[in-house]
Amino acid sequence: MLLTVVIAAGATFGLGSPGALAGAGQTPTGQQTHPHVKPHTGGRHSKFKLSFTLAQAPGRTSTEETSYRPKISRPAHARISCTPPQPAPIASGSQGEVETIALHPPRRGWCKGRYDVIVYLQRTRTCEPPTATRPADACPASSGESESAYSSEENTGETHFKVR
């Protein structure tokens, strides 16, 4: 399955349902990713693709990491085995680029119902730029340094698809 994802100033962390992330901020209109899924309706074995436009380039700049994370929720009242695997975050790309990602079904195929998709933009401040021998680590919350750690998540767009 191949999915097109266009990323716009949005990233996500976490594997909870979109409801669990309801506190995440909504980005301004200019930062929306305008996600859509094709086909809009399919069957148990359909191949769905997510596409969205990157509103800003994800990646690392100085001491901040940004990425886009599509989050797919299972249909309301569906058993937990209907939860699909979550796509990997988009950590590189160019502003305005359209990303397409395959949405993979749960192990036993898609369950009937409506699947909601939210594309999040995540920003995380790190303590120091990475080097060849030291990867970027998030700043500890207890750090007394002037650069405090933070992580933010913004909803950059929502869509859905149905399985009959």
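Q: Why is Arg-114 called partly exposed?
A: Arg-114 has a relative accessible area of 41%. Buried means under 20%, exposed means over 50%, and partly exposed is what lies in between (1.4 Å probe, protein chains only). So 41% lands in the in-between range, and Arg-114 counts as partly exposed.

Q: What kind of model do these values come from?
A: This is a predicted model, where local features need pLDDT of at least 70 and side-chain atom pairs count only at pLDDT 80 or more, while totals for chains, interfaces and linings use all residues. Residues are numbered from 1 along each chain as its sequence is written, and side-chain values use heavy atoms, leaving out hydrogens and water.

Q: What makes the contact of Arg-114 and Asp-116 a salt bridge?
A: You need a side-chain nitrogen of Lys or Arg within 4 Å of a carboxyl oxygen of Asp or Glu. Here the N to O distance is 2.8 Å, so the pair passes. Asp-116 is partly exposed too, at 28%.

Q: How many salt bridges does this rule give?
A: The count comes to three. One of them joins Arg-60 and Glu-65, with the closest N and O atoms 3.0 Å apart. Arg-60 has a relative accessible area of 26% and Glu-65 has 30%, so both are partly exposed.

Q: Where do Glu-154 and Arg-123 lie, and what does their pair tie together?
A: These two form a salt bridge, their closest N and O atoms being 2.3 Å apart. Glu-154 sits in strand S9 and Arg-123 in strand S8, so the pair ties together parts 31 residues apart in sequence. (A strand is a DSSP run of E, at least two residues, numbered from the N terminus.) Both Glu-154 and Arg-123 are buried.

Q: How many aromatic pairs does the structure hold?
A: Six. Rings of Phe, Tyr and Trp (its six-membered ring) pair if their centres lie within 6.5 Å; planes under 30 degrees apart are stacked, over 60 edge-to-face, and the rest tilted.

Q: Why is the pair of Phe-48 and Trp-110 called edge-to-face?
A: Their centres are 5.4 Å apart and their planes stand at 90°, so the pair is edge-to-face. Phe-48 and Trp-110 are 62 residues apart in the chain, and both are buried.

Q: Is the pair of Tyr-115 and Phe-161 stacked or edge-to-face, and why?
A: With centres 5.1 Å apart and planes at 5°, it's stacked. Tyr-115 is in strand S8 and Phe-161 in strand S9. Phe-48, Trp-110, Tyr-115 and Phe-161 form one aromatic cluster.

Technical notes:
Helix = DSSP H or I, 4+ residues; strand = E, 2+ residues; numbered from the N terminus.
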